[in-house]
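Trainee: I would like to go through the labels used for this model and ask what each one rests on.
Mentor: Go ahead.

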Amino acid sequence: MMEKLRTRYRSLGPDGVVAFWLGLWWLLNLVQAGCTELANDEAYYHMFAERLSWGYFDHPPMTALLVWLGERLFGVTELGVRFFFTLLQPLYLFLFWRLIRPEAPSRRDATLYVMLSAATLMLQLYGFIAVPDGPLMFTTALYLLFFKRFNEGSRGAWLWLGVAMAAMAYSKYHGALVVLFSLAVCPRMLLRPRFYLGCMVALLLFVPHLLWQYDNDWASFAYHLSGRNSVFKPGYVVEFLGNMLVVFNPFFVPLYVQAWRKVKPQTTVGRALKLLPVAFIGFFLLSSLRGYVQPQWVIVSCFGLVYVLFDYARRHPRTRRYVMRAGGVTIALVALVRIEMIFNPLGVRFEVFDNRASYGAIAEAADGRPVIFRQGYAVAAKYAFYTGGEAYCQPNIRYRTHQWQFRDDDSRFTGREVLVECPADMADTTREVRSLTMANGRSFTWFVDPAFHPVRLVDIAFTGLPGRVAAGETLRLELRIRNPYPYAIRVGADDTQLVMLWKHGRFRVDEFPTGETFTIPADSELTRGVTFTVLPQLAGETFDVGFALRREGYTNWFNGKSVPTEVGNL
């Protein structure tokens, strides 16, 4: 039997060799996908898939659609969440092989390509987990294929180029960078009318998502363009550079540099591929000056790095031997990590371990009651996935908002007894606070609200705030407060307070109670006047200013839209 398999393998051509090894890799990824517990973001995307939409707070809808399709085949399981993501990787790697292979490839070329791909650490991880990077890689491979055909003069390529651009946009917004960087090496495309026809196709296909953005105040675009911004920290830059040395395989980093210097592409697509790593890494290096950058955001660079090192190594036997040996060592180490991710013999505490036991402990404490999580938007999704319990995550003004703001789970819990996650050191001694330690080593602290009544949807609009104010200036603001709930909300007399929020960047929030006492009748609107003296501590910064109803033990976001203003120095 084994001899027959060897004989059949030896009879394969270069394309067959690549397909064989990618097929074997896919089978391993299937096992991994079914036997490894979900990472936090994967559970969050499963929550997306529960309600299919043309858009979501964090990402366009492709990821949610693929999760939804997988769960139709394999149920609400780890394999169901991940199945189509495992399928995309061998498809895009085979497409990419067809894109970069030489005119007369050999079996040695095929094995070199597979080794380079398998030894790229980022491709190992993002070959089975359910995140937007897999769809982005697949649609980018399609785009590069039609980009090549378009520049070779294929008459119908403009149509499929437009479809590929729309597919990239539906996968991850970083797809726009692929288009921009490819145009940078081929600006003459901008002089060709058919390119604009392709852009019109892409725009037409993307209209449903744009309409969703319009209906939701451009939430995703605002978040990615400014909501992620933070203050400059040297550690962000250092960590980003350190990640770049690791995620593409540290054994290969010197070779990437050498190959990039020596390889001189003769085709337009080759020049585009050579530019991608420099452009993506450079772009996100600059982004690290204004906030934390996740290493997978540069995953498209893998195409360019594999291309230049493949082209260089196949022409330099010594380099090829090193790649094959170092790649083999890398794959052996990756195999150990993959075994750890399934069985965890080392007892590592990480987000893919101990989920059933950890969230089962919370579910046991909840005893059928809904759980209101404090700020772990992915943790709330993971609790629901692994226990089937009802959950909601509150947006947190001191962290970020998320997809939960578009769901009505908290409204459905109205009047019910719920568990509310709270800080371990919560100062409100009138509540009985309890805590437990989960199997993953984390603590969960909560109190019981016997009759939950959310205030999140109360809308507070206001006028009277100039675009620039001075420290010491007294502001006279008029608030229009709309209560959409079928119950009155008492402000000031109970545990609900009206506070003014001054938010700078992602993490700084100055919060000032107004001291107002009033009642907002059910399903009605009222106006209130509020005065506020701008404090010296606010001087010299620009803030998003708004109001919120704050409840002891709960988190909150702005109730209504915030207004930007600059505070002059003293």
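This is a predicted model: local features need pLDDT of at least 70, side-chain atom pairs count only at pLDDT 80 or more; totals for chains, interfaces and linings use all residues.

Trainee: What makes Arg412 and Asp409 a salt bridge?
Mentor: The cut-off is 4 Å between a side-chain nitrogen of Lys or Arg and a carboxyl oxygen of Asp or Glu. The closest N and O atoms of Arg412 and Asp409 are 2.8 Å apart, so the pair is within the 4 Å limit.

Trainee: How are Arg412 and Asp409 placed in helix H20?
Mentor: They are 3 residues apart in helix H20 (residues 409-412), which means a separation of about one helical turn. An α-helix has 3.6 residues a turn, so residues three or four places apart point the same way.

Trainee: Why is Asp409 called buried, and what is Arg412 called?
Mentor: Buried means under 20% relative accessible area. Asp409 has 3%, so it is buried. Arg412 has 42%, which falls between the 20% and 50% limits and therefore counts as partly exposed.

Trainee: How do you know that Arg456 and Asp410 form a salt bridge?
Mentor: Their side chains meet at 2.8 Å, N to O, and that is within 4 Å. Arg456 lies in the loop between strand E5 (443-449) and strand E6 (459-463) and Asp410 in helix H20, so the pair ties together parts that are 46 residues apart in sequence. Asp410 has a relative accessible area of 2%, so it is buried. Arg456, at 23% relative accessibility, counts as partly exposed.

Trainee: Which parts of the chain does the salt bridge of Arg468 and Glu566 link?
Mentor: The closest N and O atoms of Arg468 and Glu566 are 2.9 Å apart. This pair links distant parts of the chain, with Arg468 in strand E7 (residues 468-470) and Glu566 in strand E15 (residues 563-568), 98 residues apart. Glu566 is partly exposed, at 35% relative accessibility.

Trainee: Why is helix H19 called mostly covered?
Mentor: In helix H19 (residues 377-387), 8 of the 11 residues are buried; the limit for that word is under 20%. Among the buried residues are Tyr377, Lys382 and Phe385. The buried residues of H19 pack against helix H3 (40-49), helix H4 (62-74), helix H5 (78-100), helix H18 (355-366), strand E1 (371-373) and strand E2 (391-393). Just after H19, Gly388 takes a positive phi of about 75°.

Trainee: What area does the nonpolar patch have, and how does Tyr322 qualify?
Mentor: The patch is formed by Phe251, Tyr322, Val329, Leu333, Leu336, Ile339 and Phe343, with about 700 Å² of accessible area together. Tyr322, in helix H17, has a relative accessible area of 38% and is partly exposed.

Technical notes:
Residues are numbered from 1 along each chain as its sequence is written. Side-chain values use heavy atoms; hydrogens and water are left out. Helices (H or I, at least four residues) and strands (E, at least two) are DSSP runs, numbered from the N terminus. Buried means under 20% relative accessible area, exposed over 50%, partly exposed in between (1.4 Å probe, protein chains only). Contact means heavy atoms within 4.5 Å. Patches are made of residues with over 30% relative accessible area and no salt bridge: like charges are joined within 9 Å, nonpolar side chains (Val, Leu, Ile, Met, Phe, Trp, Tyr) within 5 Å. Accessible areas come from the Shrake-Rupley method with a 1.4 Å probe; for residues, only the protein chains shown count as cover.
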